[in-house]
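Here are a few exercises to work through with the model open beside you. Try each task before reading its solution.

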Amino acid sequence: MEYFLQQLINGLTLGAMFGLIAIGYTMVYGILGMVNFAHGEIFMIGGFVSVITFLVLGYLGLTWVPLVLVIMLLTTMFFTSLHGWAVERLGYRALRNSNRLAPLISAIGMSIFLQNYVQLLQGARNKALKPIVSGGVELMTSASGFTVKLGYMQVVIVAVTTVLMAGFSLLIARTSLGRQQRACEQDMKMARLLGVNVDRTISLTFVMGAALAAVAGLTWLMYYGIIDFYVGFLAGIKAFSAAVLGGIGSLPGAMLGGLLIGLIEVFYSAYFSTEYKDVAAFAILVMVLIFRPTGLLGKPDIEKV
Amino acid sequence: MQNEKIRSFPEMVKDAVIVGAVSAALALPLVGFKTVDRTTQIELEFRFGEMFYAVAVIAIGRLLLSLTAAGKARAVLFITAPLSILGLLEYAFELVPMEWPELAGLTWLAATIIAIRAWVFTRRDKAADDAVARATAGLPVAAVVTLFSRFGKFLGPAAAAFAILMPFLPFADQRMVDIGILILTYIMLGWGLNVVVGLAGLLDLGYVAFYAVGAYAYALLSLEVGLNFWEALPLAGACAATFGILLGFPVLRLRGDYLAIVTLGFGEMIRLVLLNGPDFGLLANGAKGIGDIPRPSFFGMEFTAAPKPGAVAFSDYFGLDFSPIQRVIYLYYIILLLAFITNWFTLRIRKLPIGRAWEALREDEIACRALGINPRNTKLTAFAIGAMFAGFAGSFFATRQGFISPESFNFMESAVILAIVVLGGMGSQVGVVLAAIVLIGGPEWFRDLAAFRMLAFGGLMVAVMVWRPQGLLAHREPTIKLARSPRETPVAVSVREKAT
């Protein structure tokens, strides 16, 4: 029971991060119908920007943890969303009306490019950071001596994710930007005829997705204390699996899918084997696509001639 | 960029400054700072000088591009072309020691791109009166493509003849033949993937999985069962094709991009399984890999100086002096043969009903279904045939290397093969050859640029997609089409076979 509870806590933390990345996939898919393969790399860049921001703040002598975290969050979101914007502007905008495969191949190229760009600029080795927020509370101890720990970092991650997702849902549901975004998702041509600036809306979709992925990158770095240029590949695939599991195109679906993938991965490695935990995520992706291609909360996709 | 109005000079400067500012903001965290590993923790180094230089190159480049579009192409050409030529001379002869070779390379790249663009514009201005020249001036690639289609008939046989004679030409030493083997392996993989991506239009991101299956199948068959290369080769191909069918069966009803991600997942799954070493004979070695894989023999003759008792050495039988290059040349001819088989098979199958069905399916799946083509079986055949060729190539890889490990079959390998197919032009056989020579041979010759290889791959994939979404030597049009000419009956098809 205690072991289960501990895994539940770990799984929710991991799932929160996957959920943040998955939103970027699901929004871009919803509006453009393409898999933004480079999104995992955006997440990785978020992690690197956080490392660098942290080091710069240390260099400047800032050490008060809450302030450091807030500044890190804001700078990471800013610079990473700029990268997300640039990726769309350079790699995808020209391909908006071409065949389905062209944007995907461009996205794969973008992903390879960004991975190697970061590797060349920052080195291929792991970047390890000492924990900024450490410690935690012990929730309970079982008779056999197993202690359930809730790290402060885990609390911060889940809190930040919840606040961001709530704010983001409000942004999509209530603001005019969110309305424009949803309009473009439903019918881009009609939205344009009604005066919606489609280019700007799509750019902002990428910016928002990248900002959320940046937060995921930051929390990933805080949680694991380590990041390398290759981390975006696996995390990106898993987050995409999460988006598909929740129903691609659906925002609550992405959050739900992220949580589920996180929980599945943690429980699988806790109760079965750690070696095959990555296979588990892929297996779920394949199963979902075969048995329920629209995902848990997705709308059926009707192919028009 | 074509549709932009011609702007006044201050506007261009403003535009260049904005572009510079954006790129400065982009470059600030990742270029401006470098994280350096020290023994206890990571520290920062500053690279602001390089960052500002790179940003300046981008801003000036943007300004020059605007000037080119505004009719100052000749002046721009005068500035950038000497810079580009100078850069080439510097790379070839190392006239001046460079402190920042990366920045020099960036400058050269920018100057060359702008020079090419300016040159295209001057040609376009000059050719304003000549209608034919005007049609081709803007697109040098289009001119190359027309050239290829005119001489395409001779190009294939000429290239084949060169490939056959290559090991005996005077400049061919062991290294050259080795590079030839490498390039031919990728050409074969490219042609195999071309069946799936180019003909059937299925984006397969896990192609390397079948390559791995072929390699491991050969390793197991030869080491555990004791078959020789030629006995194991068809079995390895069949094994890979079976995997293709097993993996393809559940996923092939998915749409393009889903299929791509699922195949990627399968590719990674196979690699992870191999890495963890399932308890199946030598596969249990896992990450350690399998070594001592037997080399192929020539009708039972071995390529060694001291053959095993009872065996005959190739060099003894033919009365030659033993030399390791004999084995390399033999391997070269094996992969050449395999590649020719792949090419011939693909060219022939395009004309069979199944090949026509692939192309039709690529063009319009719904119409195909309406015409009674079974999409799943048709796709499955393409998948299995593509997998089979990857299996052959994998067996060859295993026998050539003598050692295989899961790390040889990661996603980057799939991406490289895909890049070859995409850059060559999906469906074009000649394009695959050219792309393989440039992408695989190029880094072998420019060893000191090897670190930038994958960066260039990624950048090229994006650039080619943005610039020519159908690939450099595009051949995406169906082999047969409904006739357009009014003289022919509407239902007659023009059987204009393309020399691909």
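**Exercise 1.** Which residues in H11(A) are buried?

*Solution.* Keep in mind that this is a predicted model. A residue counts as buried when 20 or more other C-beta atoms lie within 10 Å of its own. Going along H11(A), the buried residues are A:Asp278, A:Ala280, A:Ala281, A:Phe282, A:Ile284, A:Leu285, A:Val286, A:Val288 and A:Leu289. As for its length, H11(A) has 15 residues and spans 21 Å from first C-alpha to last, close to the 21 Å expected at 1.5 Å a residue.

**Exercise 2.** Describe how H9(A) and H11(A) pack: find the angle, the axis distance, and the residues that meet.

*Solution.* Two packed helices are described by the angle between their axes and the distance between the axes.

- Step 1, geometry: H9(A), residues 231–246, and H11(A), residues 277–291, pack at an angle of about 30 degrees, and their axes are 9 Å apart.
- Step 2, orientation: angles under 35 degrees count as roughly parallel, so H9(A) and H11(A) are roughly parallel to each other.
- Step 3, handedness: the crossing in which H9(A) passes H11(A) is left-handed.
- Step 4, residues: H9(A) contributes A:Leu234, A:Lys238, A:Ser241, A:Val244 and A:Leu245. Facing them from H11(A) are A:Asp278, A:Ala281, A:Ile284, A:Leu285, A:Val288 and A:Leu289.
- Step 5, class: the contact of H9(A) with H11(A) has 8 nonpolar, 1 polar and 2 charged residues.

**Exercise 3.** Why does B:Leu274 count as buried, and what does B:Leu274 touch?

*Solution.* First, locate the residue: B:Leu274 sits in helix H9 of chain B. B:Leu274 is buried because 25 other C-beta atoms lie within 10 Å. Setting aside residues up to four places away in sequence, B:Leu274 touches B:Ala212, B:Tyr216, B:Leu283 and B:Pro406.

Now follow one of these partners. B:Ala212 belongs to helix H7 of chain B, residues 207–225. B:Ala212 also counts as buried, because it has 29 C-beta neighbours inside 10 Å. Beyond its neighbours within four places in sequence, B:Ala212 is in contact with B:Ile270, B:Arg271, B:Leu274, B:Gly394 and B:Phe409.

**Exercise 4.** How many residues does each chain give to the contact between chains A and B, and which element of chain B gives the largest share?

*Solution.* The contact takes 42 residues from chain B and 52 residues from chain A. On the side of chain B, the elements that give two or more residues include H1(B), S1(B), S2(B) and H8(B).

**Exercise 5.** How many helices and strands does chain B have, and what percentage of its residues is buried?

*Solution.* Chain B has 17 helices and 6 strands. Of its 500 residues, 40% are buried. For the contacts in chain B between residues at least 6 apart in sequence, 72% join residues at least 24 apart.

Definitions and conventions
Residues are numbered from 1 along each chain as its sequence is written. Chains are lettered from A and ligands numbered from 1 in the order in which they are written. This is a predicted model: local features need pLDDT of at least 70, side-chain atom pairs count only at pLDDT 80 or more; totals for chains, interfaces and linings use all residues. Two residues are in contact if their C-beta atoms, placed from the backbone, lie within 7 Å. Helices (H or I, at least four residues) and strands (E, at least two) are DSSP runs, numbered from the N terminus. A residue is buried if 20 or more other C-beta atoms lie within 10 Å of its own, exposed if 12 or fewer, and partly exposed in between; C-beta atoms are placed from the backbone. Axes are lines fitted to C-alpha atoms, for helices over the stretch in contact, and angles run from 0 to 180 degrees between N-to-C directions. Angles under 35 degrees count as roughly parallel, over 145 as roughly antiparallel, 65 to 115 as roughly perpendicular and the rest as oblique. A crossing is left-handed if the near helix is turned anticlockwise from the far one by less than a right angle, and right-handed if clockwise. Ala, Val, Leu, Ile, Met, Phe, Trp, Tyr, Cys and Pro count as nonpolar, Asp, Glu, Lys and Arg as charged, and the others, Gly among them, as polar. The expected span of a helix is 1.5 Å times one less than its number of residues.
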